[in-house]
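Have the viewer open as you read.

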Amino acid sequence: RRTAVVIPAAGRGVRLGPGAPKALRALSGTPMLVHAVRAMAASRAVSLVVVVAPADGVAEVKHLLDDHALPERTDYLVVAGGDTRQESVHLGLKALPDGITTVLVHDAARPLVPVDTVDSVIEAVRDGAVAVVPALPVADTVKEVEPAGTPGDPEQVVATPVRARLRAVQTPQGFDHDTLVNAHATIALAGEGATDDAGMVERLGAPVVVVPGHEEAFKVTRPLDLVLAEAVLARRRA
Ligand code: C5P
């Protein structure tokens with residue numbers, strides 16, 4: 001029952017503003033990716049972490065992991081990513097050795113997820129779920145919109161899903177290994193895009209279960225998120 005984590009970290013992070021690839025930007029002096037790797041390796045169940053780096057950044061990421069203290073009971077691998085998140089995860093899955101039964105996929109952009117959330121995802125998979133997502137209720141009312149017909153025209157609201165039934169999903173998402181590999185093979189063949197891995201398993205018709213997410217597992221996407229992340233780190237150190 002070995003557990004591995006794939007960390008897609010090959011995104012450019014354009015929404016964060018100009019600069020290095022998002023995963024390599026510093027949070028309180030340490031690259032976001034190193035925080036994310038530590039967050040995964042903090043779980044005693046995790047025996048391998050596969051980092052999917054920008055194709056031109058594999059050597060740099062290897063050095064980064066060598067230069068930072070990481071738990072020794074875990075193995076670390078760095079592989080080159082692709083043009084989309086889905087492709088990057090697929091390349092990470094291909095690098096897994098035989099014998100892995102549980103796979104987690106965790107965004108490098110969620111560097112501060114607490115270990116209890118990681119452990120509860122792993123536990124749900126070990127208890128028999130084929131796919132698990134950590135999720136939180138949403139604070140905002142969410143509208144579905146129709147893109148403007150003519151550029152410059154306003155978007156039109158077409159639906160308002162009942163807020164109480166909506167969840168914002170985070171990572172790590174956890175999977176039975178073979179289920180996730182199948183989903184990636186099937187969906188990639190169909191040429192469909194997906195913004196998360198559980199979505200691909202859903203399209204196969206397999207059940208996806210929800211466990212409680214955590215506020216501190218938020219995704220660092222925009223400049224304000226960097227401010228929040230540094231505040232969380234400062235609070236942890238206090
Ligand atoms: O862009 P988004 O915030 O959805 O990215 C989520 C995660 O996917 C990030 O950790 C990013 O580095 C990763 N990613 C990737 N390969 C891509 C695009 C995004 O590994 N081509």
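## Ground rules

This is a predicted model, so local features need pLDDT of at least 70 and side-chain atom pairs count only at pLDDT 80 or more, while totals for chains, interfaces and linings use all residues. Residues are numbered from 1 along each chain as its sequence is written.

Helices (H or I, at least four residues) and strands (E, at least two) are DSSP runs, numbered from the N terminus. For burial, a residue is buried if 20 or more other C-beta atoms lie within 10 Å of its own, exposed if 12 or fewer, and partly exposed in between, with C-beta atoms placed from the backbone. A contact means that the C-beta atoms of two residues, placed from the backbone, lie within 7 Å.

## Strand 4 and its partners

Let's start with strand 4 (residues 46-53). Seven of its eight residues are buried, so strand 4 is largely enclosed by the rest of the structure. Strand 1 (residues 2-8) runs parallel to strand 4, joined by six bridges, and V5 sits opposite V49 there. Strand 5 (residues 75-80) also runs parallel to strand 4, again through six bridges, with V51 facing V78. (Two strands pair if DSSP finds at least two bridges between them.)

## The nonpolar core

Which residues touch the most other members of the largest nonpolar core? Of its 58 residues, they are V6, I7, L33, M40, V49 and V51. The largest share, eight residues, comes from helix 1 (residues 32-41). A core of this kind is a set of buried Ala, Val, Leu, Ile, Met, Phe, Trp, Tyr and Cys residues joined through C-beta atoms within 7 Å. In soluble globular proteins, nonpolar side chains tend to be buried together.

Zoom in on V51: beyond residues up to four places away in sequence, V51 touches I7, A9, L33, V37, V61 and V78. V78, in strand 5, is buried because 22 other C-beta atoms lie within 10 Å. With the sequence neighbours up to four places away left out, V78 touches V51, A53, V58, V61, K62 and L65. Its C-alpha is 6.5 Å from that of V58, 20 residues apart in sequence.

P8 lies in strand 1 and counts as buried because it has 28 C-beta neighbours inside 10 Å. Setting aside neighbours within four places in sequence, P8 is in contact with V52, G81, R85, S88, V89, G92, D107 and A108. Helix 3 (residues 85-94) is mostly covered, with eight of its ten residues buried; R85, S88, V89 and G92 are among them.

## Prolines and a positive phi

P134 belongs to strand 7 (residues 131-137) and is buried, with 25 other C-beta atoms within 10 Å. Outside four places in sequence, its contacts are T117, V121, V169, Q170, V211, P212, G213 and A217. P161 is 27 residues from P134 along the chain, and their C-alpha atoms are separated by 20 Å.

Next, the backbone. The peptide bond from T171 to P172 is cis, with omega near 5 degrees, and P172 falls in the loop between strand 10 (167-169) and strand 11 (173-176). S28 has phi near 50 degrees, a positive value in a residue other than glycine. S28 is in the loop between strand 2 (26-27) and strand 3 (30-31), and counts as partly exposed because it has 13 C-beta neighbours inside 10 Å.
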